[in-house]
Amino acid sequence: MSSQERFLDAIADESARMGRLVGDLLDFSAIDTGTLRLVPDWCEIGLVLEAARRCVSDAPTTIDLGENAYLLAVWADHDRLEQVFVNLFDNAIRHGGSLTQIVVTVQADPSANTVTVVVSDDGDGIPHELVDRMFLPHERGVTAGPGAGLGLAIARGIVDAHGGRIELQPAECGTTIAVTLPIEPPPNAPLAPAFEPIVESSVEAAAP
């Protein structure tokens, strides 16, 4: 590879990094101000997880959906849920390296009308001093690599907006994070995505 090609690759990488940083800052601002907008619909958990895995190609990821769980649908914003799991997969790699093994399991609880997605890795785990602050913004470990430290805070904000919860679970090694989501929409939720109509405005010429 020539020096010019390396230079262009470096520019492309830096541009992509800056784009992700700006996106994270905008998302966190929307969450922080309560203006995060969801576009909910019935979406299949299996498809959300597969899409997230494809976005983080460096992660050796095993997804165990259990019996018939692949077709399990929840009332949620597909793209925002995908963003949650991309952040969790990416966080596992940042702390554990590209050889980290990630295992995802799905557990439905019909009695509670919830589904829980558990993401586990065999990396070094969350540093002890960050355990109580890991979902706060700008909290990063020394192995986290470049970034603004907003990934887990954004994940929590998105899960909260869905009426769910995200929490760290005890693990013998590595890190285990559970995301619990309601399956059905809340009583007053619309039954289809709400789109604002596009209204074309016209300017009438003033009479002479």
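Figure 1. Leaving aside its neighbours within four places in sequence, Phe85 touches Val48, Leu49, Ala52, Val117, Val119 and Val179; contact means heavy atoms within 4.5 Å. The model is a predicted one, in which local features need pLDDT of at least 70 and side-chain atom pairs count only at pLDDT 80 or more, while totals for chains, interfaces and linings use all residues. Residues are numbered from 1 along each chain as its sequence is written, and side-chain values use heavy atoms, with hydrogens and water left out. Phe85, Leu49 and Leu88 are the residues with the most contacts inside the largest nonpolar core, which has 42 residues. A nonpolar core is a set of buried Ala, Val, Leu, Ile, Met, Phe, Trp, Tyr and Cys residues joined through side-chain atoms within 4.5 Å. Buried means under 20% relative accessible area, exposed means over 50%, and partly exposed is in between (1.4 Å probe, protein chains only). Two or more residues of this core come from each of helix 2 (45–55), strand 3 (73–76), helix 3 (78–96), strand 4 (102–109), strand 5 (114–121), helix 4 (151–161) and strand 7 (175–182). Helix 3 gives the largest share, eight residues. Helices (H or I, at least four residues) and strands (E, at least two) are DSSP runs, numbered from the N terminus.

Figure 2. Asn87 lies in helix 3. With a relative accessibility of 14%, Asn87 counts as buried. Beyond its neighbours within four places in sequence, Asn87 is in contact with Gly151, Ile154 and Ala155. The buried residues of helix 4 are Leu152, Ala153, Ile154, Ala155, Gly157, Ile158 and Val159. After helix 4 comes Gly163, which has a positive phi, near 80°.

Figure 3. Ile45, Gly46, Val48, Leu49, Ala51 and Ala52 are buried in helix 2. The buried residues of this helix pack against strand 1, strand 2 (61–64), strand 3, helix 3, strand 4 and strand 5. Helix 2 also holds both Arg53 and Glu50, three residues apart, about one turn of the helix. An α-helix has 3.6 residues a turn, so residues three or four places apart point the same way. The side chains of Arg53 and Glu50 form a salt bridge (2.7 Å, N to O). A salt bridge is a side-chain nitrogen of Lys or Arg within 4 Å of a carboxyl oxygen of Asp or Glu. Arg53 is partly exposed, at 24% relative accessible area.

**Figure 4. The aromatic pair of Trp42 and Trp75.** Rings of Phe, Tyr and Trp (its six-membered ring) pair if their centres lie within 6.5 Å; planes under 30 degrees apart count as stacked, over 60 as edge-to-face and the rest as tilted. By this rule the count is one aromatic pair. Trp42 and Trp75 form this edge-to-face pair, with 5.5 Å centre to centre and 70° between the planes. The pair links distant parts of the chain, as Trp42 is in strand 1 (residues 41–44) and Trp75 in strand 3, 33 residues apart. Trp42 is partly exposed, with 44% relative accessible area, whereas Trp75 is buried, at 7%.

**Figure 5. Strand 4 between its partners.** Two strands pair if DSSP finds at least two bridges between them. Strand 2 and strand 4 run parallel and are joined by four bridges; Thr61 stands opposite Ile102 in strand 4. Strand 4 and strand 5 run antiparallel, with eight bridges, and Ala108 has Val115 in strand 5 as its bridge partner. These two strands form a hairpin with four residues between them, and Asn113 in the turn has a positive phi of about 60°.

**Figure 6. Strand 7 and its neighbours.** Strand 7 is largely enclosed by the rest of the structure, because seven of its eight residues are buried. Strand 5 runs antiparallel to strand 7, joined by eight bridges; Val118 is the bridge partner of Ala178 in strand 7. Strand 6 (residues 165–169) is also antiparallel to strand 7, through five bridges, with Ile166 opposite Val179. The hairpin of strand 6 and strand 7 has five residues between them, and Gly174 in the turn has a positive phi of about 65°.

**Figure 7. The salt bridge of Glu167 and Arg165.** A search of the whole structure finds two salt bridges. One of them joins Glu167 and Arg165, whose closest N and O atoms are 3.5 Å apart. Glu167 is partly exposed, at 33% relative accessible area, and Arg165 is partly exposed at 46%.
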